[in-house]
Amino acid sequence: MNKVLFVCTGNTCRSPMAQALAEDLFVKGNMDFSAESCGVFAVCGQPASANAVMVAEESGLKLYNHKARLLRRDMVADALVVITMTMAHKARVISLFPDFANKVFTLMEIYGDGGDVADPFGGSVDVYKHCAEQIKSYLEKIDWEMF
């Protein structure tokens, strides 16, 4: 199975939502991919934010068992592709593991757009919903066969 690694800052908001949304997409599309997530500055073991859990559950997805993980070399090495939420995350991953730079992309650049997925941390449920909708729309636009 081809592993996709999603990366954000703390691994409590964007990357866990991306992981859950991607897993759902992969299952429904009968694709040979799996999804994982981590953060460049994550505190290991932290749960997903309450609003991320709530937004995921509204879509029939589960994040209540999520535990934050700090980015490690083996995670990057094992991934077919590493998808970050921002250019800063991408730069951090590449600075830590330059030998894997060829498989690190931001979510928005894979589709051809620039920009970052804004951090919903501390925002309202609506802010989290908008973030999840943005992530989902980009995940659905990706031609996964290119990997």
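**Reading the model, from salt bridges to folds**

Mentor: Take Asp74 and Arg72, whose side chains form a salt bridge with N and O 2.9 Å apart. Keep in mind as we go that this is a predicted model.

Trainee: What is the general idea behind such a pair?
Mentor: Side chains of opposite charge can pair when their charged atoms come close. In this case, Asp74 is partly exposed at 35% relative accessibility, and Arg72 is partly exposed at 41%.

Trainee: How many salt bridges does a search of the whole structure find?
Mentor: The search gives nine. One of them joins the side chains of Arg14 and Asp119, at 3.4 Å from N to O. Arg14 belongs to helix H1 while Asp119 sits in the loop between H5 and helix H6 (125-141), so this pair ties together parts that are 105 residues apart in sequence.

Trainee: Which residue forms a salt bridge with Glu109?
Mentor: That is Lys90, with the closest N and O atoms 2.7 Å apart. Glu109 lies in helix H5 and Lys90 in helix H4, so the bridge ties together parts that are 19 residues apart in sequence. Glu109 is partly exposed, at 27% relative accessibility, whereas Lys90 is buried, at 15%. There is also a network: salt bridges with shared partners join Lys3, Glu36 and Arg69.

Trainee: Lys90 brings us to a helix. How do I read the sides of one?
Mentor: Start from the geometry. An α-helix has 3.6 residues a turn, so residues three or four places apart point the same way. Now the case here: H4 covers residues 87-96, and His89, Lys90 and Val93 are buried in it. Viewed down the axis of H4, the buried residues fall within an arc of 100°, so they line one face of the helix.

Trainee: Which exposed residues does the face of H4 turned away from its buried side carry?
Mentor: Ala88 and Ser95 are the exposed residues there.

Trainee: And what covers the buried residues of H4?
Mentor: The cover includes strands S1 (2-8), S3 (81-84) and S4 (104-106), along with helices H1 (14-28), H3 (73-78) and H5 (107-111). Look at the start of H4 as well: a side-chain oxygen of Thr86 comes to within 3.3 Å of the backbone nitrogen of Ala88.

Trainee: How should I read a residue in a loop?
Mentor: Ask where the residue sits, how accessible it is and what it touches. Ser49 is in the loop between strand S2 (33-39) and helix H2 (50-58), and it is buried, with a relative accessible area of 13%. Its side chain makes a polar contact of 3.2 Å with the side chain of Tyr128. Setting aside neighbours within four places in sequence, Ser49 is in contact with Thr12, Cys13 and Tyr128.

Trainee: Where is Ala118, and is it buried or exposed?
Mentor: Ala118 is in the loop between H5 and H6, and it is exposed, with a relative accessible area of 55%. Leaving out neighbours within four places in sequence, Ala118 is in contact with Arg14, Cys131 and Gln134. Arg14 is also the salt-bridge partner of Asp119. The C-alpha atoms of Ala118 and Thr86 are 7.9 Å apart, although 32 residues separate them along the chain.

Trainee: Now the whole chain, please. Which elements does it have, and in what order?
Mentor: There are six helices and four strands, running β-α-β-α-α-β-α-β-α-α from the N terminus on. The radius of gyration is 14 Å, close to the 15 Å that the globule rule gives for 147 residues, so the chain is as compact as a globular protein of that length. Its C-alpha trace spans about 40 × 35 × 30 Å along the principal axes.

Notes. Residues are numbered from 1 along each chain as its sequence is written. This is a predicted model: local features need pLDDT of at least 70, side-chain atom pairs count only at pLDDT 80 or more; totals for chains, interfaces and linings use all residues. Side-chain values use heavy atoms; hydrogens and water are left out. Buried means under 20% relative accessible area, exposed over 50%, partly exposed in between (1.4 Å probe, protein chains only). Helices (H or I, at least four residues) and strands (E, at least two) are DSSP runs, numbered from the N terminus. The arc is that of the directions from the helix axis to the C-beta atoms. Contact means heavy atoms within 4.5 Å. A polar contact is a pair of N or O atoms within 3.5 Å; within protein, one must be able to donate a hydrogen and the other to accept it, and residues adjacent in sequence count only if both atoms are side-chain atoms. The radius of gyration is taken over C-alpha atoms; the globule rule is 2.2 Å times the number of residues to the power 0.38. A salt bridge is a side-chain nitrogen of Lys or Arg within 4 Å of a carboxyl oxygen of Asp or Glu.
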